[in-house]
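This report describes a helix and its packing partner. The sequence and the structure are shown below.

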Amino acid sequence: RHWEKVSEIVGFPIVVNAELTLAKIIDYGLDEYIAKFETISEAATKENNLERALSRMMNEWMDVEFSILIYR
């Protein structure tokens, strides 16, 4: 999803696969778009942090069992 946004900004598709290298990205000459990429990067980083935190919470709570007693 984030690469789709990058592709929209630069005006051509950037396909993420095993052949995409940092050297190829540098060769695209995307220096002028760095400011726009920063917002995408910040959003992606925050999303990743949330996903990792959620995964940690799920693992921590996996073995917790709640017992419910009838009241009155």
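## Helix 1 and its end

Just after helix 1, Gly11 adopts a positive phi of about 90 degrees. Helices (H or I, at least four residues) are DSSP runs, numbered from the N terminus. The model is predicted, with local features requiring pLDDT of at least 70 and side-chain atom pairs counting only at pLDDT 80 or more, while totals for chains, interfaces and linings use all residues. Residues are numbered from 1 along each chain as its sequence is written, and side-chain values use heavy atoms, with hydrogens and water left out.

Helix 1 spans residues 2–10, and Val6, Ser7 and Val10 in it are buried (under 20% relative accessible area; exposed is over 50%, partly exposed in between; 1.4 Å probe, protein chains only). Because these residues cover an arc of only 100 degrees around the axis, they lie on the same side of helix 1; the arc is that of the directions from the helix axis to the C-beta atoms. Glu4 and Glu8, on the other side of helix 1, are exposed.

Helix 3 (34–61) is included in what covers the buried residues of helix 1, where contact means heavy atoms within 4.5 Å.

Glu47 is located in helix 3 and counts as partly exposed because its relative accessibility is 27%. Glu47 touches Arg1 and His2, not counting residues up to four places away in sequence. The C-alpha atoms of Glu47 and Lys5, 42 residues apart along the chain, are separated by 15 Å.

Terms used: Helix = DSSP H or I, 4+ residues; strand = E, 2+ residues; numbered from the N terminus.
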